[in-house]
Structure formats: structure tokens, C-alpha cells
Amino acid sequence: MSTTLNDFLMAKLVGSPASARPLRPGVFVDLDGTLIEPLPADLADPNPVRFMPGAGAAIARLREAGLAVVIVTNQSGIARGYFSRAQFARLQDVLERRLQEEFGVQIEDVAVCPHSPDARGRPACLCRKPAPGMLTRAARAHGLDLARSWMIGDTLDDVEAGHRAGARSVLLDSGGETEWRLSPLREPDGRFNAWEPLVDQLLTAVSPLPSPDPLRAASPAQMLDEPDRTTGVGSALSVRLRPSLFASSIPSAL
Ligand SMILES: [Zn+2]
């Protein structure tokens, strides 16, 4: 559903613009190597949508927990001329239909950066991850609270984009990251090699009750290192992921 139509329908439903609605937590999900297997460079495959193991069921659980789901994907193949925006739009239609039909999942939006990086591989626009533009724009469009939201991706560029947007970031290590160029912004708040334990752990950290978040002003590095100061009942995200605990194994409780 387009942003404009969605905003129009929501305005009809609640009688107020998107900016006046209470903000919701959301999950930003990378596409290639995270939600689906990496796409072929030219989109020549007539059926290019192959979900990563457990991905569809995982997205369904996130939706059931009340999290809005937005897909955020770099597709520089459009700028490079490997495939057209229309071809990608058709793939997007297939993706949304299959999520609906096979997993009963309706996603909020698909945000696409069609631009190339610069000659040194850095974003030349505001939207190509690790820049946060797709996340911040989607958050504004859909009334999402970035401080209570998460980025899930298979590369440290995804992790960095989430942190730059003010969200938390977890890495689904499916082999997409090969350079491991670390910095404080690229340090994941959790690292997993499968969807199911990732969602198990993420949902333990999510409270459905909105409340003032004292962590909002904290930097990602502070989130990782500081002891949890929030213990109030119903406090959103009062339990945070501690990467050192589950880099290799998943504890039953934090
Ligand atoms: Zn871009």
C-alpha cells in the first residue's frame, strides 16, 4: 500500500493526521539475505522471492506482537541499469502478496533506495544504508517511534543505519557481511544466525505498553554497556539485548 493511500485511510479512521497519532514501535527489515535469499543481479529469475528459513513465520510473530513491519532495501541495481524500478515494483507486489497469502502478514511499507554509492562505496544519497534516510522517512510516514523500534539485517551497514536512525539493531548473520568493519555505530545489539531465536529474544525486550523511554537519549554504545536502569512495570523495552550473552547461544531468559 502506498504511503499516501495508507495515510489517507488512517486519517479517515482516526480523524487526524499521521503526526497526531500515538507513535508505535516498528521493525525495519532488510530484504536480500535477511527476509529473502539474495536477489539475482538482473532479476532475471521469474520467481526470485525465496524466503530465508523461518523468515515468514518470524515476521508474522512480530506483527502479532503489534510491531509495524517496514522493509528497507538498497537496490543500486536500479541506478546501475541492471533492472528497472518497474521490475522491482513487480517483485515487491509478489513479495507482499506471498507474505499475505502464506503467512497472513500485512506489512506497512517497502522503502527502496535506487541509488548507487559513490566511487568509494559510500552512500551518495540520504537513503542508502548505512545512511538512515529510509528508516527516518518511514517512521514519519507511518507514525513509528524510532526509540522503540528495531532494525534487522544481515550486514553491519544495516546495523549502522538502525543506530543512526535512533533505533536498536540486531544482526541476522546469514553470511552477507564479509568485511566486519566495526565501529561503535556498527556494533549490533544482538547477533543471531537464525530467525527464530532472534524473534524469541527481540519479543522478550518489547513491551506492548507505550511509556516514556529513559533510554531514548542514550547512544547505542551506552545501551550496550550501561546496566539496565528501568524496572517499572510496563516500561517499554526495559529489558535490552546483551550481545555477549547470546552471540553463540540463546539463554532462556535475560
Ligand atoms: Zn538512496
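Two residues are said to be in contact when their C-beta atoms, placed from the backbone, lie within 7 Å of each other, and the legends below use the word in this sense for a predicted model.

**View 1. Helix H4 and the elements that its buried residues pack against.** Within helix H4 (133-142), the buried residues are Met134, Leu135, Ala138, Ala139 and His142. Seen down the axis of H4, these buried residues fall within an arc of 130°, so they line one face of the helix. The buried residues of H4 pack against strand E1 (26-29), strand E2 (68-74), strand E3, strand E4 (150-153) and helix H5. The helix lies across E1, E2, E3 and E4, and H4 runs at about 150° to E3. After H4 comes Gly143, a residue whose phi is positive, near 65°.

**View 2. The open sheet of six strands.** The strands of this sheet follow the order E3-E2-E1-E4-E5-E6, and their pairing is parallel. Strands E3 and E6 stand at the edges with a single partner strand each, so one side of each is left without a neighbour in the sheet. On average, and with direction ignored, neighbouring strands of this sheet are turned by 20° against each other. Strands E1 and E4 pair in the parallel sense over three bridges, and Phe28 stands opposite Met151 in E4. In the protein chain as a whole there are eight helices and six strands, which follow one another along the sequence in the pattern α-β-α-β-α-β-α-β-α-β-β-α-α-α.

View 3. When residues up to four places away in sequence are not counted, Leu135 touches Phe28, Val72, Leu146, Met151, Ala161, Gly162, Ala165 and Ala167. Of the 254 residues of the protein chain, 35% count as buried. Among the contacts in the protein chain with a separation of 6 or more, 63% are made by residues 24 or more positions apart.

**View 4. Helix H5, a mostly covered helix.** Helix H5 spans residues 156-165, and nine of its 10 residues are buried. The buried residues of H5 are Leu156, Asp157, Asp158, Val159, Glu160, Ala161, Gly162, His163 and Ala165. Three of these names, Ala161, Gly162 and Ala165, can also be found among the residues that Leu135 touches. Just after H5, Gly166 takes a positive phi of about 95°.

**View 5. Two loops with backbone details to look for.** The loop between strand E3 (109-113) and helix H4 (133-142) holds Pro130, and a cis peptide bond with an omega of about 20° joins Lys129 and Pro130. The phi of Trp180 is near 55°, which is a positive value in a residue other than glycine. Trp180 has 8 other C-beta atoms within 10 Å, and a residue counts as exposed if that number is 12 or fewer, so Trp180 is exposed.

Conventions
Residues numbered from 1 in each chain as written. Predicted model: local features only at pLDDT ≥ 70, side-chain atom pairs only at ≥ 80, totals over all residues. Buried ≥ 20, exposed ≤ 12 C-beta atoms within 10 Å, placed from the backbone. Helix = DSSP H or I, 4+ residues; strand = E, 2+ residues; numbered from the N terminus. Arc of directions from axis to C-beta. Pairing = 2+ DSSP bridges. Axes fitted to C-alpha atoms, helices over the stretch in contact; angles between N-to-C directions.
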